[in-house]
Structure formats: structure tokens, C-alpha cells
Amino acid sequence: MIDTLAISGYRSLRDVVVPLGALTVITGPNGSGKSSIYRALRLMADIADDRIIRSLAEEGGFAKVQWAGPETISAAMRRGDVPVQGTVRKGPVALKLGVGMEGLNYAIELGLPAPGGVFHLDPEIKAETLWTGPSPRPSTLIAERRGPSLRVRADDDTLAQAATNLAPYDAMLRSVSTRPASSPMMNLSRALSVWRFYDALRTDPDAPVRKPQVGTRTLRLSADGSDLAAAVQTIFEIGNGDALLGAVDAAFPGCRVHVEEAGGFFSLAMTQPGMLRSLSAAELSDGTLRFLLLACALLAPRPAPLLVLNEPEASLHGALIPALSGLIAEARLHSQIIVVSHNRALVTSLLGLEAELVELHKDLGETFATASDHARWIWPKR
């Protein structure tokens, strides 16, 4: 389980450390940095998928995602005694991401690309560190990457040179193919690669979910929800179909969902009290369809170690919040869950499930996090 997320130099997150529990709710007003926390988690997962450089380029490149304020903000600036202004920089311009899980800690530092290249939107990986315990010291290092050089702790407990030619766009986790299957680097790579994110579930009139889709066993819902019908049928066959039917009935009393098959294509249908025929996915409201998508994401037969939901309450009527909370309560039995939301009813409901609460606020453009628990983090030195 992930217990700490650390972010420095990314958008409004000048230096934020967030404690994470089995169930964590990240909340705050609009513009407080919730989306930046969510994006940072996605960037961390992108490392194992070899997409972090591309993802940052798609956000506009390093210049668009780095902290835009001064390196330090003095107390006088915060009081308004002096204007916010740049100071003499003491450290390199950097974007840093870090994660701690069960005593294992990983940090990556990205910086400005070399001048003159055509890939000027691509930041470069400057450093990576994998260590055990609370602080990165020579005795606790498992792997250390500085520029193109990578050292990994060997069987004789020394840091041995493992590579000298890592490209600035390749994370050291790409070298895990040369590591033993049980090595900490391999374990970290596997952990990051199976994180699951839902923030782009489509319910618009042209959404694929509203049309018949090829039917194949679907152990987890796709990111856009296009394979909903197949996911529902898979849950009925090998998953917790009773929980799905119970969630639908709790949200829409008397209603049931089923899947219709024609020529290998699956379509979702819902029966409603008083209706003489089933309604197809094309006829369902955005809120109804979104709830069904969330239900399948949370009740997947193959649960993810970490499931992250970004504003799941969007387009849902307030009456559906208790049913959504019940689904999250069911899913947390099998997955660590992070919910990013500003919906007070959902936040209150999840706090009743003993969720870790992280509240965000901004001061002079900088995001601060207040949590019910304390997280300690020490960044490695480059």
C-alpha cells in the first residue's frame, strides 16, 4: 500500500507531501490543486509505462508544468509587506515526484532539456533514487541514477555500476528486465504499472458506451468506459454480481441491468418499474450511465492495488451519493482507493468509512495540504 506521495515543483505544488491511507479523500475548493495532485499520481504511474516524458510534453512541456512562483516565498511576501518576486536561485530548476510504500521509497527528478534540440518540450530525467527507510543515505540506497549513470545494490551489499548510458528520456525502471523477478526495482515497476485511474468516463451522446461493442471477457473497465456491457457481463459470470445488482437497486429502486448479445456484440440494457421494455444504454441519462460505469470500475473482478477516482460525483444527483459511497466501501476491501472530490456529501460519507482526509488550500498561488495524519519525506540530493 502507498503511504506517502511527495510532489515538488509541479504546477501549484511547490512542495507538498500527502499521507495516504487505505481510503483517502483529497478535497478543497476549485483551483486549490486537486487536479494537480491527480495528474501527479498519473505521472508517477506513467513512469512504469514509459510515458512520463510524453505526458509532460502533452501538458505543454516542462515550462508549462513547472512551479511558476519564486523558489522561496518569504514570510514578508506572505504578509504582503513586500511584493512576490524572484530570488537568487540556490538549487536547479526541477520537477520531483516521490512515492513511499511499505518502507520502500522512490523519487524521480526531471529538469530542463538540453538547449538547441528539436524535442524542446521533453524534460530530461536528471536523477532517480530507490531506498528503504525514512531517509536516502548511502547505507539505505537500493538504486541510484545520476544522469546516464545507474548504480544498484549488489549481492555483496555494495552499490555496483549497472549502466553508464541511460538516455535522459528513459527511467531506470526500464532496466528492470535485467533484474531478478523479486528485486525491489521489479516490484516497484509492477506496482506502478497496475494503478488504475478513472476521470474520463464518457457519457456524451457519441460515447462508445452508448453503442454495441464487441463482447469479450473484461476483467477491468477501460479508462473511457467503452466496454461497459462486457464488464457487466463479466461481473455477472465471475465477479460479485449480487453486489452490482444491489448497487443498482440502491441507486435506482426496482431497476435491474442486463446485457443483450447479438452477433458477438454486447449492449447494456436496464429494466425500470412500469416500463414495458428495457431501455438501452443510448436512452439512459448521463447520470445513470455514469453511476453504472463507476459501479463496474469499483466491482472489477480483477481489482487494482490502487484505484484513483477523480470527481466521481460529476453529473450524479445527490441522491446517488450514498449508493456510490457504498460501492467505494465494497471496493476498499480489495484495493487502496484515492478519491479526489469537492462534493461535501461524498466527502462526509467517506469520512464515515474512516477515510484519511487531505484538505487543500492555496496561498499566493501555492497549494498546501492539511491532513489528519503526518507524512515525513526527505528528498534525495542530486
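Analyst: Below we go through confidence, helices, strands and loops, one topic at a time.

User: Great. What is the mean pLDDT of the chain?
Analyst: This is a predicted model, and the mean pLDDT of the chain is 91. Of its residues, 96% reach 70 or more.

User: And which elements have the lowest and highest mean pLDDT?
Analyst: Helix α4, residues 75–79, has the lowest mean pLDDT among the elements of the chain, at 74. The highest belongs to β16, at 98.

User: Let's do helices. Which residues of α5 are buried?
Analyst: In α5, which covers residues 184–193, the buried ones are Met185, Met186, Leu188, Ser189 and Leu192.

User: How do they sit around the helix axis?
Analyst: Looking down the axis of α5, the buried residues fall within an arc of 160 degrees, so they line one face of the helix.

User: Now α6 and α7. How are they placed relative to each other?
Analyst: The axes of α6 (residues 228–238) and α7 (residues 241–251) come within 7 Å and cross at roughly 125 degrees. The two helices are therefore oblique to each other.

User: Which residues make the contact?
Analyst: On the α6 side they are Val232, Ile235 and Phe236. On the α7 side they are Gly241, Leu244 and Leu245.

User: Which residues of α6 are buried, and what do they pack against?
Analyst: The buried residues of α6 are Leu228, Ala229, Ala230, Ala231, Val232, Thr234 and Ile235. They pack against α7, β12 (256–262), β13 (265–271) and α8 (286–298).

User: Switching to strands. Where is Asp3?
Analyst: Asp3 is in strand β1, residues 2–10. With a relative accessible area of 29%, Asp3 is partly exposed.

User: What does Asp3 contact?
Analyst: Leaving aside neighbours within four places in sequence, Asp3 is in contact with Val18, Pro19, Leu20, Gly100, Met101, Glu102 and Gly103.

User: Tell me about Glu102, then. Is it buried or exposed?
Analyst: Glu102 is exposed, with a relative accessible area of 64%. Glu102 is found in the loop between β4 and β5, and has a positive phi of about 50 degrees although it is not a glycine.

User: Where else is there a positive phi in a residue other than glycine?
Analyst: Asp157 is one, with phi near 70 degrees. Its place is in the loop between β8 and β9 (159–163), and at a relative accessible area of 53% Asp157 is exposed.

User: Back to β4. What about Val99, buried or exposed?
Analyst: Val99, found in strand β4, is buried, with a relative accessible area of 1%. Beyond its neighbours within four places in sequence, Val99 is in contact with Ile2, Thr4, Met44, Leu104, Asn105, Tyr106, Trp195 and Trp377.

User: And Glu359, how far is it from Thr27?
Analyst: Glu359 and Thr27 are 332 residues apart in sequence and 5.0 Å apart in space, C-alpha to C-alpha. Glu359 sits in strand β17, residues 356–363, and counts as partly exposed at 34% relative accessibility.

User: Which residues does Glu359 touch?
Analyst: Not counting residues up to four places away in sequence, Glu359 touches Thr27, Arg344, Phe368, Ala369 and Thr370.

User: Last one: where is Ser335, and what does its side chain reach?
Analyst: Ser335 is in the loop between α9 (321–331) and β16 (336–340). Its side chain reaches the backbone oxygen of Ala304 at 2.5 Å.

User: Why does Ser335 count as buried?
Analyst: Because its relative accessible area is 9%, and buried means under 20%. Setting aside residues up to four places away in sequence, Ser335 touches Ala22, Pro303, Ala304 and Pro305.

Terms used. Residues numbered from 1 in each chain as written. Predicted model: local features only at pLDDT ≥ 70, side-chain atom pairs only at ≥ 80, totals over all residues. Heavy atoms only, no water. Helix = DSSP H or I, 4+ residues; strand = E, 2+ residues; numbered from the N terminus. Buried < 20%, exposed > 50% of the residue type's maximum accessible area, 1.4 Å probe, protein only. Polar contact = N/O pair within 3.5 Å; in protein donor to acceptor, adjacent residues only side chain to side chain. Contact = heavy atoms within 4.5 Å. Arc of directions from axis to C-beta. pLDDT = per-residue confidence, 0-100. Axes fitted to C-alpha atoms, helices over the stretch in contact; angles between N-to-C directions. Parallel < 35°, antiparallel > 145°, perpendicular 65-115°, else oblique.
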